[in-house]
Amino acid sequence: MLTAVRMLVTLDPEVLEITWRTIQVSTTATLISVIVGIPIGTMLALRRFRGRGLWVSLINFGMGLPPVVVGLVTWLLLARYGPLGMLGLLYTPTAMVIAQSIIACPIVAGFSMAAIQSLNPKMLLQIRSMGTTRLQFLLLLLWEARLGILSAVIAGFGGVVSEVGASMMVGGNIRGYTRVLTTATVLEVSKGKMELATALSIILLTLTFAVVSLLSHLQQRRSGS
């Protein structure tokens, strides 16, 4: 434990590198999931069309999709002889972002859909009666559902920052290139290097707590609590 603390205090270069890559990959994947997931959740909450039930079922199914399955599908897509093999993305940070985005998108979409559906229908009518454009209507709607939307972002970030299986399958856990906090911790434990594994775990917990606390503060501030 003392060795782990010493590595943190002295800002061990390897630990800093893994931490920075984790922030880059997880933040990018979360942003992608927000950009894709919130519009999908909003559309499913507002529109009624043939096949909507299937889409809702797929979103709910995706929220509990095993990460290793996502990793396998992504690997097959990006493998040398796969449909996207010509891009050469397998075993790169980009591949990890793709896999984590696939994991987080249904989570963000599902929470966003629930947040908008929980709004009072009279509020929707009131917004429409203001003579707003379609864009203004959507922006006002998202503002009214902001507490639930922030919950969607929190859940999405939690899904990507804690993910191990998919990242390891498509990233390869390559030292100095694709190693992140979760995959590095698993590797170091398997090698018996508990000091480094402990240091990485402490950083992972601290990083997750800091981001979730920030988003939770914004959420409670918006609610007036």
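The bend at a residue is the angle between axes fitted to the seven residues ending there and the seven starting there. This is a predicted model: local features need pLDDT of at least 70, side-chain atom pairs count only at pLDDT 80 or more, and totals for chains, interfaces and linings use all residues. Residues are numbered from 1 along each chain as its sequence is written, and side-chain values use heavy atoms, without hydrogens and water.

**View 1. Helix 2 kinks at G37.** In helix 2, a kink of about 25 degrees lies at G37, shortly before the proline P39. Helices are DSSP runs of H or I with at least four residues, numbered from the N terminus. Helix 2 covers residues 13-46, 34 residues in total. Its first and last C-alpha atoms are 49 Å apart, close to the 50 Å expected at 1.5 Å a residue. That expected span is 1.5 Å times one less than the number of residues.

**View 2. L84 sits in a loop.** L84 lies between helix 4 (67-78) and helix 5 (93-117). The residue is partly exposed, with a relative accessible area of 36%. Buried means under 20% relative accessible area, exposed over 50%, and partly exposed in between (1.4 Å probe, protein chains only).

**View 3. The protein chain is built from helices.** The chain has 11 helices and zero strands. Its C-alpha trace spans about 65 × 50 × 25 Å along the principal axes. Buried residues make up 41% of the 225 residues. Of the contacts (heavy atoms within 4.5 Å) between residues at least 6 apart in sequence, 73% join residues at least 24 apart.

Conventions
Helices (H or I, at least four residues) and strands (E, at least two) are DSSP runs, numbered from the N terminus.
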